[in-house]
Amino acid sequence: MKQQSETMVENAVKVLLKTLQRNFEDAGNVLDRFEETHDDEECHFNRNYQALVAGHFHLGKAVEKINRQLNKKL
């Protein structure tokens, strides 16, 4: 039972990390596309763009934190 729950946690972390990384990349691509088609002022005042910028930033931080945690020596 203990080994099974440890395996489940390990698998969940792998799936979570993969999902976060994919979402980070997808959001980055959308932001790049928006920035190519809008000037700085339009980007600054667009609420959806700003929300995606915030989400993208925090996705990156989450990926970094998970990777740092996984790479810690016990």
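The legends below accompany close-up views of a predicted model, beginning with the whole chain and moving on to single residues.

**View 1. The protein chain as a whole, built from 3 helices and 0 strands.** From the N terminus onwards, the elements follow the order α-α-α. The radius of gyration is 17 Å, well over the 11 Å that the globule rule gives for 74 residues, so the protein chain is more spread out than a compact globule. Taken along the principal axes, the box filled by the C-alpha atoms is roughly 55 × 20 × 15 Å. Of the 74 residues, 16% count as buried, and the accessible surface comes to about 6,400 Å², with 55% of that surface belonging to carbon and sulfur atoms. Among contacts with a separation of 6 or more, 64% are between residues 24 or more positions apart.

**View 2. Helix α1, residues 2-37, and its buried residues.** The helix has 36 residues and reaches 53 Å from its first C-alpha to its last, which is close to the 52 Å expected at 1.5 Å a residue. Its buried residues are Leu17, Leu20, Ala27, Gly28, Leu31 and Phe34. What covers these buried residues includes α2, spanning 40-45, and α3, spanning 47-70.

View 3. When its neighbours within four places in sequence are left aside, leucine 31 is in contact with Tyr49, Leu52, Val53 and His56. Lysine 65, by comparison, stands 34 residues from leucine 31 in sequence, and the C-alpha atoms of these two residues are 22 Å apart in space.

**View 4. The aromatic pair of phenylalanine 34 and tyrosine 49.** A pair of aromatic rings is described by the distance of the centres and the angle of the planes. The count of such pairs in this model comes to 1. The ring centres of phenylalanine 34 and tyrosine 49 are 5.0 Å apart and the planes lie at 20°, so the pair is stacked, given that planes under 30 degrees apart count as such.

Technical notes: Residues are numbered from 1 along each chain as its sequence is written. This is a predicted model: local features need pLDDT of at least 70, side-chain atom pairs count only at pLDDT 80 or more; totals for chains, interfaces and linings use all residues. Side-chain values use heavy atoms; hydrogens and water are left out. Helices (H or I, at least four residues) and strands (E, at least two) are DSSP runs, numbered from the N terminus. Contact means heavy atoms within 4.5 Å. The expected span of a helix is 1.5 Å times one less than its number of residues. Buried means under 20% relative accessible area, exposed over 50%, partly exposed in between (1.4 Å probe, protein chains only). Rings of Phe, Tyr and Trp (its six-membered ring) pair if their centres lie within 6.5 Å; planes under 30 degrees apart count as stacked, over 60 as edge-to-face and the rest as tilted. The radius of gyration is taken over C-alpha atoms; the globule rule is 2.2 Å times the number of residues to the power 0.38. Accessible areas come from the Shrake-Rupley method with a 1.4 Å probe; for residues, only the protein chains shown count as cover.
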